[in-house]
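Please look over the sequence and the model before reading on. The text that follows is meant to be read with both in view.

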Amino acid sequence: MRNNTAAFGHVPAGSSQSNLCKIFANTSSLVVMANEIPGQPLLSAPNGNLQTQSVQYASPDLTSIRISHGSSGHICPIFVAVAAIRKLMFSTLNSYLEFTFASGKGEVADVKSQLRLLAGSRAPGADDSKRDLFKKVISYMTIGIDVSSVFGEMVMCSATSDIVLKKMCYLYVGNYAKVNPDLALLTINFLQRDCKDADPMIRGLALRSLCSLRVTNLVEYLVGPLGAGLKDNSSYVRMVAAMGVLKLYHISASTCVDAEFPAMLKHLLLNDPDTQVVANCLSALQEIWSLEGSGSEEVSREREILLSKSVIYYLLNRIREFSEWAQCLVLELVAKYVPSDSNEIFDVMNLLEDRLQHANGAVVLATIKVFLHLTLSMTDVHQQVYERIKAPLLTLVSSGSPEQSYAVLSHLHILVMRAPFIFASDYKHFYCQYNEPSYVKKLKLEMLTAVANESNTYEIVTELCEYAANVDIPIARESIRAVGKIALQQYDVNAIVDRLLQFLEMEKDYVTAEALVLVKDLLRKYPQWSQDCIAVVGNISSNNVQEPKAKAALIWMLGEYSQDMQDAPYILEGLVENWEDEHSAEVRLHLLTAVMKCFFKRPPETQGSLGAALAAGLADFHQDVHDRALFYYRLLQYDISVAEQVVNPPKQAVSVFADTQSSEVKDRIFDEFNSLSVVYQKPSYMFTHKEHRGPFEFSDEIGHVSIGTESADTAVPANRVEANDKDLLLSTSEKEETKVPNNSSSAYSAPSYDLTSVSVPTSQLSDLVISNSTVPGHAPQSSSFAIDDLLGLGLPAAPAPAPASSPPPLKLNPKAVLDPATFQQKWRQLPISLSQDYSINAQGVAALTTPQSLLKHMQGHSIHCIASGGKSPTFKFFFFAQQAEGSSTFLVECIVNTSSAKAQIKIKADDQSATEPFSSVFQSALSKFGMA
């Protein structure tokens, strides 16, 4: 049979666009009929039948692929066919797009020739033709086609009185003047000419375009038009000129100040009859004086004049004439005004009383900010202000878009947190509506929690319980948490506990998970409810709880109340057996502690589980889990009674749970009322200053430090131990485990847990108490054997040999030298020898204000810095050191976070065996930082 061939790299000759689309459409079935290709007849096989028909398509960059159909054809694998056909399709589309852009460039040339013909033409209909061409140029510019080649023709065609053409020309000029300053010189003459046009609209547009060029070399051409614009008879031109002064200041501050434009703006601010001009002058002056800084006495004096009583009263008396945006600007200035006495406070509030009824939410919020800040020192009046602003805010919440409701609710939320009793009677306004977005519902739930008291708790909790069955799972979770928070506020605890226990019986995973966490918190605060809660919790299978926090809460209750839960030891035993399947370190930590507690209360039933848990914990890769297991193991070796006092002390009720935000942060947010700080629920310095824009992201190139969001790939693991760790609980002579060199696990090998070993039966825990006559910290060897045997860890064959004497400390070369290129090459080539976290003392955290302070300290210990960067609270350093009696070089990456008092250290070395001694030297030097 013959094959019909067509190339997909380009459209076949004679084919139409519809045929091409038909080819693309048929690729989904993997069968392409031969008669669909124009110019290719359908051929019969030699035997005359058409049972086997095939089409073979060839591409320059692909091997031939046969796609057949019929009873006897060979069918290629579907994924190969799909991939090949899609690649061929995209090749054709790319060819089409390349043709489109090429034709676009050709059309630009045609537009340029047509514009040249129309330049200076006054024939009838010439302006209409120019409009069409200008629109085409703007559309090309919008989609990214370079039309800078028609710059001259566009400027020549701008000599017209048609304002539409003027606007399009100004848009074009402003776009290309920024990227090509040389072309901007061509626009100066016609823009300056338009600045003197008889039409004030054209004068204003030309002045705005002239100031928007933002080319430093053209500053001298802006001074004259701006001066004339500030004195223009048209208010529109003066309004544009006021903002033009600010643009000039950003281009050249000295030119703006030398031309005395700030003084002219101040004159217009106090004397111009047009309120929009006054608003623009106020905005420009505030920004200019803020950028000038507080070091200049003249600037400070001008600021004081702007905040004087006469200026404030002048603006307040005219505030009804201003636009909504201008009113917000004036009110923001008034909020900074400090009245001399209470009479002025009441005068200002009386003048702004009607602004609380304004339809615009921004004006209402700006007015509320003025009221709140003016009355901070007057407690009684401040409370009356809360009562007065309550109704306008609640009205704004119920009207407008969800976005506006959320913004107003955010401000209302901070007021509710400061004075919940004032809003307690209006709790129904915070009920969630079915059609509200989830972000609004979540904020309302927080406010319902805040306003709950003795009188409305029942109604609020009833409403919240309805939300627990919501189809929106995040809102259902938040509603359950809200119920728990209200219970922790000591309001109608009896009814709330019953509701939470009902949640545990709903047989919904997320409801059970949230309820378990809340029941745990309730038991910590109200231990007297343990009998009722444990009766329900005991019926919950641990296999049905998958969320880490909920599972940790269940395990905590199993350990804390194991004497009241009959199956507690056996449930914990099952969890220990599935240790390797548990991925959450939080759950493993709680499991260790719960097994320890259960062991002290029911030792015979928990003996084997405790041994298995300690063995698994000592072998765990997570540093916290490993350390806790090692701590418990050493504690049991030392004294069982002491271990019980540490792990299972008498329970004390928790009176107050820690708040997620400090009072200082809340006060700072309140000071920034009517800003994004309230919406983000964090002070402005946390999301505006560079050092608070999230974690630092360090590039691979040494010495280049960038600020940004830390990705998962570049994040330094904070908890995983990639090298040998050090036992901080014991001295060298007390270490009994044999260190095994392993880069992915702890240096301690866990005691082997043999399920077949025969454990010694236990009669009483007191049999294992170590005599107090022993030296603290040195448990007798026989006691250690008894503990190992009791826990099923197996008896060692022989006592561990005495440890060898400590090697001499590593000596470093104080005059080590290493150039950056060599450092970078070594850093890329050498593997990581050790990676671990190290805690920094409080004195060191206080001393680390700049990178230079740590550099000098480490240099005194013969550890030199080759690159550093960052700002508080995160700093990054690259250190190097050289062995004094050898050629080994050590490279260190050290990331210090002062907020957590942690240092993440990575060490690379030419000699891997010298890594541990150098690590000791480095950590010793770091521990002494700030102590002098």
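This is a predicted model: local features need pLDDT of at least 70, side-chain atom pairs count only at pLDDT 80 or more; totals for chains, interfaces and linings use all residues.

Residues are numbered from 1 along each chain as its sequence is written, and side-chain values use heavy atoms, with hydrogens and water left out.

The chain has 39 helices and nine strands. Both are DSSP runs numbered from the N terminus: helices are H or I with at least four residues, and strands are E with at least two. Of the 932 residues in the chain, 46% are buried. Buried means under 20% relative accessible area, exposed means over 50%, and partly exposed lies in between, with a 1.4 Å probe and protein chains only. Among contacts in the chain with a separation of 6 or more, 64% are between residues 24 or more positions apart. A contact means heavy atoms within 4.5 Å.

Next come the nonpolar cores. A nonpolar core is a set of buried Ala, Val, Leu, Ile, Met, Phe, Trp, Tyr and Cys residues joined through side-chain atoms within 4.5 Å. The largest one has 212 residues, and Val147, Tyr172, Leu412 and Leu415 have the most contacts inside it. Helix α29, residues 585–601, gives the largest share of this core, with 11 residues. Leu415 can be followed through its neighbours: leaving aside residues up to four places away in sequence, Leu415 touches Leu372, Tyr386, Ile389, Leu393, Phe423, Phe670 and Phe673.

Which order do the strands take in the open sheet of five? The order is β5-β9-β8-β7-β6, with antiparallel pairing. Two strands pair if DSSP finds at least two bridges between them. The edge strands, each pairing on one side only, are β5 (834–839) and β6 (864–871). On average, neighbouring strands of this sheet are turned by 15 degrees against each other, direction ignored. Axes here are lines fitted to C-alpha atoms, for helices over the stretch in contact, and angles run from 0 to 180 degrees between N-to-C directions.

The sheet can be read pair by pair. A hairpin of two residues joins β6 to β7, and these strands pair in the antiparallel sense over seven bridges. Ala867 stands opposite Phe878 in β7. Between β7 and β8 there is another hairpin, with six residues between the strands, and their antiparallel pairing runs over nine bridges. There the bridge partner of Gln882 is Thr889 in β8. Strand β8 (residues 889–897) then pairs with strand β9 (residues 902–909) in the antiparallel sense over eight bridges, and Asn897 stands opposite Lys902 in β9.

Two helices pack on this sheet. Helix α36 (residues 820–829) touches β6, β7 (874–882), β8 and β9, and its direction makes about 85 degrees with that of β8. Helix α39 (residues 915–927) touches β5, β7, β8 and β9, and its direction makes about 20 degrees with that of β5. Strand β7 is mostly covered, with nine of its nine residues buried. Thr874, Lys876, Phe878, Phe880 and Gln882 point one way from β7, and Phe875, Phe877, Phe879 and Ala881 point the other way.

Some single residues remain. Glu260 is not a glycine, yet it has a positive phi of about 60 degrees. Glu260 is found in the loop between α11 (253–258) and α12 (261–271), and counts as exposed because its relative accessibility is 53%. Asn674, also not a glycine, has a positive phi of about 65 degrees. Asn674 is found in the loop between α33 (663–671) and α34 (676–680), and its 23% relative accessibility makes it partly exposed.

For the cysteines, a disulfide is a pair of cysteine sulfur atoms within 2.5 Å, and by this rule the count comes to zero. Cys169 is in no disulfide, and the nearest cysteine sulfur, that of Cys157, is 8.5 Å away. Cys169 is buried, with a relative accessible area of 0%. Cys328 also counts as buried, at 19% relative accessibility.
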